[in-house]
Amino acid sequence: MKYLVTGGAGYVGSVVAQHLLEAGHEVVVLDNLSTGFREGVPAGAAFIEGDIRDAAKWLDSSFDGVLHFAAFSQVGESVVKPEKYWENNVGGTMALLGAMREAGVRRLVFSSTAATYGEPEEVPIVESAPTRPTNPYGASKLAVDFMITSEANAHGLGAVSLRYFNVAGAYGKQGERHDPESHLIPLVLQVAQGRREAINVFGDDYPTPDGTCVRDYIHVADLAEAHLLAIKAATAGEHLICNLGNGEGFSVRQVIETVRKVTGHPIPEVVAPRRGGDPATLVASAATAREKLGWNPSRADLAGIVADAWEFAQTISAAREQ
């Protein structure tokens with residue numbers, strides 16, 4: 001099988017591209033490198049430096065499907081620059097869907113997000129929960145989900161949207177290196193490396209066991225395996241939406257303590273005011289992914305996730321120093 005991976009030079013896209021290659025598929029990565037890294041593209045994948053809005057230049061009937069990761073994903077930035085998110089995440093995907101339609105490529109896996117739900121009424125969160133995103137990033141991803149449903153109904157696209165919760169860890173040569181970094185585990189690891197003085201804890205008065213926010217962490221390799229199952233499960237004329245998570249939450253302070261144990265470094269904390277729009281608890285129900293995709297995450301141990309991320313962070317730091 002031959003697949004186009006948009007955004008395949010980024011964190012999740014590059015790991016999925018690697019898994020596709022290991023499964024024996026032909027992979028073409030399309031990425032404009034605005035947030036991705038050329039060295040993140042796995043060996044064995046063809047690489048096109050370009051924009052998804054121009055996907056029609058490269059997409060043809062030789063492709064069996066598209067795995068779509070090309071999106072801006074900084075929540076804070078989306079609030080101050082919403083137009084950037086509507087233009088790229090929504091406008092770019094609309095162009096991609098048009099290119100797929102013209103080329104006769106009828107299978108799609110879309111990288112969606114738990115941010116489509118906003119403040120949940122109940123946890124664990126199921127796919128039928130109300131979708132009320134609290135920022136333009138989440139709203140842009142929800143808009144794409146609506147577009148995909150319309151494309152499936154009108155033109156026979158077979159699609160699966162995977163709504164991630166907190167992705168972490170590393171796989172091979174691929175791991176997190178966002179700029180700027182906004183994810184908790186790599187930020188805490190930066191403290192362990194001496195790259196920042198302390199980690200900010202945004203609120204310690206939430207209605208959780210230790211007062212800090214609780215999140216569902218999923219290993220990026222488990223996430224990648226879900227994508228391979230999803231592209232096989234994509235059925236013409238249907239749009240399936242699945243949450244991806246472990247169904248277990250870890251608090252901010254549990255993450256920090258785990259980093260202390262894994263790295264052996266002290267991690268100073270600074271309690272800061274709550275951030276607007278941060279729900280107390282976000283934990284997924286992945287029952288649909290288990291039932292429809294046959295997906296069962298096997299790397300749920302937080303210490304293992306942190307250890308993989310720590311090894312990758314040290315590798316990247318050593319490369320910078322050379």
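Helices (H or I, at least four residues) and strands (E, at least two) are DSSP runs, numbered from the N terminus. Under that convention, serine 78 has its place in helix H2, residues 75-80. Please note that this is a predicted model, in which local features need pLDDT of at least 70 and side-chain atom pairs count only at pLDDT 80 or more, while totals for chains, interfaces and linings use all residues. Residues are numbered from 1 along each chain as its sequence is written, and side-chain values use heavy atoms, with hydrogens and water left out.

Is serine 78 buried or exposed? Serine 78 counts as buried because its relative accessible area is 0%; buried means under 20%, exposed over 50% and partly exposed in between, with a 1.4 Å probe and protein chains only. A polar atom of the serine 78 side chain lies 2.6 Å from the backbone oxygen of valine 75. Beyond neighbours within four places in sequence, serine 78 is in contact (heavy atoms within 4.5 Å) with Tyr85, Asn135, Pro136 and Tyr137.

I turn now to tyrosine 3, which belongs to strand E1, residues 2-6. With a relative accessibility of 2%, tyrosine 3 is buried as well.

Seven strands form an open sheet in the order E3-E2-E1-E4-E5-E6-E10, with parallel pairing; two strands pair if DSSP finds at least two bridges between them. At the edges are E3 (46-49) and E10 (239-244), each pairing on one side only. Strand E2 (residues 26-31) is joined to E3 by four bridges, and aspartate 31 stands opposite glutamate 49 in E3.

Finally, the helices on the sheet. Helix H3 (residues 82-103) lies across E1, E4 and E5, at about 170° to E4. Helix H4 (residues 136-155) touches E5, E6 and E10, and its direction makes about 155° with that of E5. Axes here are lines fitted to C-alpha atoms, for helices over the stretch in contact, and angles run from 0 to 180 degrees between N-to-C directions.

Key
A polar contact is a pair of N or O atoms within 3.5 Å; within protein, one must be able to donate a hydrogen and the other to accept it, and residues adjacent in sequence count only if both atoms are side-chain atoms.
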